[in-house]
Amino acid sequence: MDSLTLPLPSSLRSKLLEAGFANTSAFQHLTPLQLARDANISHQEALAILKTVSWMNCADQYSKEEDILSSAKTAWDLLCYEKSRKKLRTCCSELDTVLGGGFKPKELTEICGVPGVGKTQLGMQLSINVQIPSEFGGLGGQAVYIDTEGSFMVERALQMAESMIDYLKYATSSCESTVGLGMSLNVDTFLSHIFYYRVYDCTEQLAVVNSLEEFLKEHREVRLIVIDSVTFHFRQDFQDWALRTRLLNGMAQKLMGLAQKHDVVVVLVNQVTTKTNGEIVPALGESWSHTCTNRLILSWSNGCRQVHIFKSPSLPAATASFAVSADGIRDVESSKRIKLCTISSP
Amino acid sequence: MPPLAALALPSLSPELLSFFATHGIVSVEDFLIRDIYQLPGLRAADSDKLRKAVTEVLAFLENGHASWRNGWDLFNNLEHNIRFLPTGYDSLDSLLQGGLREGTVTELVGASSCGKTQLCMQVSAHVAVRFGAMVAYIDTSNSFSSERLEQMLNDLLNSQREVEKTGAFMQALKNIVCYRAFDVYSMLILLQKLNTSIENHSQKTHSGRLRLIVVDSVSSVISPILGGNISQGHTLMMSIGQILKKLAVDNSIAVLTTNHTVTGESGNFKPALGESWKSVPHVRLLLRREIADGIYVASLTKHSSQACTKEAAFSIGRSGLQANVNHE
């Protein structure tokens, strides 16, 4: 393995390269004292380097047994997974249809739109929907809600949870075998399974994202992370644009790693900005637009709310309309009764 | 250059090595730039050993360097061994003189949602089906979608009979191996492991050899570390470029990478990763999308063996890239 890939400070790395330790195999059978002398570094540093190398070698040995070309996941394995995975539904059947069944786990989805178009509503609705038990065709998970703007309203979440429970009870009442399931649901559990962080500046936001790894290890039920909005703090306090781009991209890469490893849906809410020619575009600029797997643009059209799939590797560009009713996100025509889920028979 | 001890030559005894070390000679480089015979403090009895060691090191280095090849060899190699991998869309293939050339790095640059990932998946599907070859797909932005690949393959295999189709379909999907890397270190480690296992693999199995490596995208792992006062990001970026080129040349593999765009000084979009990355790809294709009429345009901005004036237009449908309907 190349010494360049060792997680070491750059000053040490360049000293190692200078002394000819370009490959980790050169460290074999070396005592810390010899290394310190040869590379002209302190004894402690040499010790730390050798520890890192031997740790990396152990990890490497473990995987060296199998050749990574034949042990890797093939597209066939991934297809089997993608076919079998459950998606997070939105309560709006038109939206679900264009999304190919709902929001997909392991992917980052960005929601952009003008204020008041329903971004936060959608985020809250998803935090409720992710908790629909698997018996009802849901994910049966929990949600992490990172609020940067203070727009999460718990009364509203309560409303949505209540109407969701009403609906689930109604759906089960027709079928004898599942009546009990509907009865066991209550609002308290729905609300207590939303883990809420309120962050007040961009440093806090980055810190929360960095600590999510630990959090998800402890809370394995979490299947949804919402950041509402990813933009707010990064729009206010930044002078150095290049730094902002680096931080945001780094954060997005972390979230992708998390989404992949823990099989969660990640939803990022983004604001919009007006360009000099009057065109309304998602905020955070060009390089941010590459980071998300999917980009949904919410907009108004003839007094009706619309979602447009602007970017997706798997879905064609499409538009769907949705409504925000007292119950939450619903279809436009029948905002009351929804065909939300099918009950799987035991 | 490696440390002397790593050469493991018999004449370099521990005593001799420690003698060198006291004079600050540790690596082969130190060895070459110092006059060994003028080192003070050498006992007369050891001078024979020293002479032997010097001859042996020099002989070792002499044999170690790559052998010369002449232009005729290279041309013959190009004629007989190097293939062009078709992209699955004819106008694009003719733009590229036949497709992605093995042994070179091709880069797709474009704003978001202008068809980069679609093209990557399409090329993978075509290579897997037509050559029965393996494809390594390195996904750094969670954008590889096997469901989308399935759609493309379905249309590609449409002409075949139903019985053969299922088998061919599954085989094609199994030929595409996927990796995910979300930071630059895991990316480097992954590329190095690929480098070592390619050789072992081709001997062991009967399935086609690896012909294509797709990295979608290079910029998303590099942009978090590039810029500011940190020069290390730049070093890591260039070593990724170096490994990709090495993989391509040593094993005759076509490498396809994607890069995103950033806003330049004048407000125009320009490829990300700056000037030094520009030298890494042999071929650079710029993609853009006319939002209004759904046309995508690919134009050649760098090519190592032809002029860059041509463009190809396409649209993206269910089966992947296709001729633009409005144009015909």
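Reading the labels in a predicted two-chain model

Visitor: Why does B:Asn251 count as buried?

Guide: This is a predicted model, and every value here is computed from it. B:Asn251 has a relative accessibility of 16%, and the word buried applies under 20%, so B:Asn251 counts as buried. The residue belongs to helix α11 of chain B, residues 232-251, and, once its neighbours within four places in sequence are set aside, B:Asn251 is in contact with B:Asn195, B:Ile198 and B:Arg209.

Visitor: What makes the pair of A:Tyr167 and A:Tyr170 tilted?

Guide: Over all chains the structure holds 12 aromatic pairs. In the pair of A:Tyr167 and A:Tyr170 the ring centres are 6.5 Å apart and the planes stand at 40°; planes under 30 degrees apart would count as stacked and those over 60 as edge-to-face, so this pair is tilted. Both residues lie in helix α8 of chain A, residues 154-173, where a spacing of 3 residues separates them by about one helical turn.

Visitor: How do you know whether A:Tyr167 is buried or exposed?

Guide: A:Tyr167 has 10% relative accessibility and therefore counts as buried, whereas A:Tyr170, at 48%, counts as partly exposed, because exposed is kept for values over 50%.

Visitor: Why is the pair of B:Tyr89 and B:Phe314 called edge-to-face?

Guide: The planes of B:Tyr89 and B:Phe314 meet at 65°, with the ring centres 6.0 Å apart, and since that label is given to angles over 60, the pair is edge-to-face. This pair links distant parts of the chain, 225 residues apart, with B:Tyr89 in the loop between β1 (84-85) and α5 (90-95) of chain B and B:Phe314 in strand β12, residues 311-317 of chain B. B:Tyr89 counts as buried at 8% relative accessibility, and B:Phe314 is buried with a relative accessible area of 1%.

Visitor: What makes the charged end of B:Arg289 sit over the ring of A:Phe310?

Guide: The charged end of B:Arg289 is 5.6 Å from the centre of the ring of A:Phe310, and the distance limit for this description is 6 Å, alongside a condition on the ring normal; the charge is listed as sitting over the ring. Within chain A, the charged end of A:Arg244 sits over the ring of A:Trp241, at 4.7 Å from its centre.

Visitor: What makes α6(B) oblique to α7(B)?

Guide: Helix α6 of chain B, residues 116-130, packs against α7(B) at an angle of about 50°, with the axes 10 Å apart. That makes α6(B) oblique to α7(B), because roughly parallel requires an angle under 35 degrees and roughly perpendicular begins at 65. The crossing of α6(B) and α7(B) is right-handed, and among the residues that make the contact are B:Met121 and B:Ala125 of α6(B) and B:Leu149 and B:Met152 of α7(B).

Visitor: Why does B:Asp139 count as buried?

Guide: B:Asp139, in strand β4 of chain B (residues 134-139), has 1% relative accessibility and therefore counts as buried, the limit being under 20%. Beyond its neighbours within four places in sequence, B:Asp139 is in contact with B:Phe144, B:Tyr179, B:Arg180, B:Ala181 and B:Asp216. B:Asp139 and B:Asp216 are 77 residues apart in sequence, yet 5.2 Å apart from C-alpha to C-alpha. From B:Asp216 the peptide bond to B:Ser217 is cis, with omega near -5°.

Visitor: How do you know whether B:Asn142 is buried or exposed?

Guide: With 2% relative accessibility, B:Asn142 counts as buried, under the 20% limit. B:Asn142 lies in the loop between β4 and α7 of chain B, and its phi is near 55°, a positive value in a residue other than glycine. B:Ser113 also has a positive phi of about 55°, and B:Ser113 counts as buried at 15% relative accessibility.

Technical notes:
Residues are numbered from 1 along each chain as its sequence is written. Chains are lettered from A and ligands numbered from 1 in the order in which they are written. This is a predicted model: local features need pLDDT of at least 70, side-chain atom pairs count only at pLDDT 80 or more; totals for chains, interfaces and linings use all residues. Side-chain values use heavy atoms; hydrogens and water are left out. Helices (H or I, at least four residues) and strands (E, at least two) are DSSP runs, numbered from the N terminus. Buried means under 20% relative accessible area, exposed over 50%, partly exposed in between (1.4 Å probe, protein chains only). Contact means heavy atoms within 4.5 Å. A charge sits over a ring if NZ of Lys or CZ of Arg is within 6 Å of the ring centre and within 35 degrees of the ring normal. Axes are lines fitted to C-alpha atoms, for helices over the stretch in contact, and angles run from 0 to 180 degrees between N-to-C directions. Angles under 35 degrees count as roughly parallel, over 145 as roughly antiparallel, 65 to 115 as roughly perpendicular and the rest as oblique. A crossing is left-handed if the near helix is turned anticlockwise from the far one by less than a right angle, and right-handed if clockwise.
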